[in-house]
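Hi,

Here is the structure I promised to pass on. Have a look at it first, and my notes follow below.

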Amino acid sequence: MAIDINEILKKAENLPHNFHTAIKVSKMLDDFNVSISKLSEVIGVDQALSAKVLKHCNSAQYGFSRKITTIKDAIAKIGFKTLKSMIFAIVSKSSFNQEIKGYGLAKGELWRNSISCAVYSRYLAEITCYSDPDQAFTAGLLRDIGKLVIHEYVKNEYDKIIYLIETENISFLDAEEKILGFSHSKIGGLVGEKWKFPKVLIDVIKYHHTPLTVDLKEIEDINLLNIIHVADLLTIMLGYGIGRDGMLYNADLSCLANLGIELSEPIVEALISDMANLSTEIDSLVSSIE
Ligand SMILES: [Fe+2]
């Protein structure tokens, strides 16, 4: 029997406290006239977040020769866009770095999976000349946020989901939809709307498994969606915290062509090799973000 979607959304009504500043900062940064002073004032109100931003800015990841001691200093050094993606990563960690039982993910696996997808998304954005690689990082990071909301329901209905996959030969996502009445991407999109995420992120969360189904008039940034779908696929292929649904995946390879990436064996092999070379950066981010 399908579960009442309103019941799920009600439970997810309250935005995890630490996302508030991230969304506020994100909205401020959409205003091109925002000042460094105003921005650092808003971030500074959240002292725990400020301390984490400064700690991360001073990590080996950035390798600055001089210690960064203020948020103003951090903004001047890393820039608005990178700051925004860094804040989303910091505020996501406590939610993503937990055991996600329904998807068979031990503590830390969804976090590593999300950081991997974020790093791959940023890399794909860079090689395809997408205008905002940091935006791609954040979208890749948050695309599976719906799993946080429904993993308990998936756990309870797991046997039915697997039975359906085996008997009807459908993907995990389709089985979620049939058994629960919604998938993690659908519920993630609805929760993103409730939490007032930027629309461009909501679109990606909602359609990251089904880019072909989107109405181009409705979606804000189809290039970003193509990037995240390919990054998600590469994350699965490279095996970072794939969980139970990873092996039953519907890949839409037309997204590669849409990004101008040729679907040939040498090109795909080179792409996978590039991604594998990003593992040091992923390891460093997974451990340095607090
Ligand atoms: Fe997903």
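**The iron site and what surrounds it**

His184 is buried, at a relative accessible area of 1% (buried means under 20%, exposed over 50%, partly exposed in between, with a 1.4 Å probe and protein chains only). Before I go on, the ground rules: this is a predicted model, where local features need pLDDT of at least 70 and side-chain atom pairs count only at pLDDT 80 or more, while totals for chains, interfaces and linings use all residues. Residues are numbered from 1 along each chain as its sequence is written, and side-chain values use heavy atoms, with hydrogens and water left out.

Back to the metal. Which protein atoms are the donors of the iron ion? They are Asp144 (OD), His184 (NE2), His208 (NE2) and His209 (NE2), at 2.1 to 2.2 Å from the ion. Donors here are N, O and S atoms within 2.8 Å of the metal (3.2 Å for Na, K and Ca), and since water is not among the atoms, sites may look incomplete. Along the chain the donors are spaced as D-x39-H-x23-H-H. Asp144 sits in the loop between helix 8 (133–142) and helix 9 (145–156), whereas His184 belongs to helix 12 (residues 184–194), so this pair links distant parts of the chain, 40 residues apart. (Helices are DSSP runs of H or I with at least four residues, strands are runs of E with at least two, and both are numbered from the N terminus.) Asp144 is buried too, with a relative accessible area of 3%.

Why is the arrangement irregular? The four donor atoms subtend angles of 87 to 177° around the iron ion, which makes it so. For reference, four donors count as tetrahedral if all angles lie between 85 and 135 degrees; four count as square planar and six as octahedral if opposite donors are over 155 degrees apart and all others between 65 and 115; anything else is irregular.

**Helix 12**

Besides His184, the buried residues of helix 12 include Ser185, Ile187, Gly188, Gly189, Val191 and Gly192. Their cover includes helix 1 (5–11), helix 9, helix 11 and helix 13. Leu190 is also found in helix 12, but at 26% relative accessibility it counts as partly exposed. Not counting residues up to four places away in sequence, Leu190 touches Ile5 and Leu9 (contact means heavy atoms within 4.5 Å). Just after helix 12, Lys196 takes a positive phi of about 60°.

**Salt bridges**

How many salt bridges does a search of the whole structure find? The search turns up 16, where a salt bridge is a side-chain nitrogen of Lys or Arg within 4 Å of a carboxyl oxygen of Asp or Glu. The iron donor Asp144 is part of a salt-bridge network with Arg143, Lys147 and Asp232.

- Lys84 and Asp30 meet at 3.8 Å, N to O. Lys84 lies in helix 6 (residues 80–96) and Asp30 in helix 2 (residues 19–30), so the bridge ties together parts that are 54 residues apart in sequence. Lys84 counts as buried at 12% relative accessibility, while Asp30 is partly exposed at 48%.
- Lys199 and Asp203 meet at 2.9 Å, N to O. They are four residues apart in helix 13 (residues 199–207), which puts about one helical turn between them. Lys199 is partly exposed, with a relative accessible area of 39%, and Asp203 is buried at 5%.
- Lys186 and Glu177 meet at 3.8 Å, N to O. Lys186 is partly exposed at 36% relative accessibility, and Glu177 is partly exposed at 32%.

**The core, and one loop**

The largest nonpolar core has 92 residues, and Ile115 and Ile150 touch the most other members. Such a core is a set of buried Ala, Val, Leu, Ile, Met, Phe, Trp, Tyr and Cys residues joined through side-chain atoms within 4.5 Å. Helix 7 (residues 109–127) gives the most to this core, with nine residues. Leaving aside neighbours within four places in sequence, Ile115 is in contact with Phe137, Leu141, Ile282, Leu285, Val286 and Ile289.

Last one: Ser171 is in the loop between helix 10 (158–168) and helix 11 (172–180), and counts as buried at 5% relative accessibility. A polar atom of the Ser171 side chain lies 3.1 Å from the backbone nitrogen of Asp174.

Cheers

Definitions and conventions:
A polar contact is a pair of N or O atoms within 3.5 Å; within protein, one must be able to donate a hydrogen and the other to accept it, and residues adjacent in sequence count only if both atoms are side-chain atoms.
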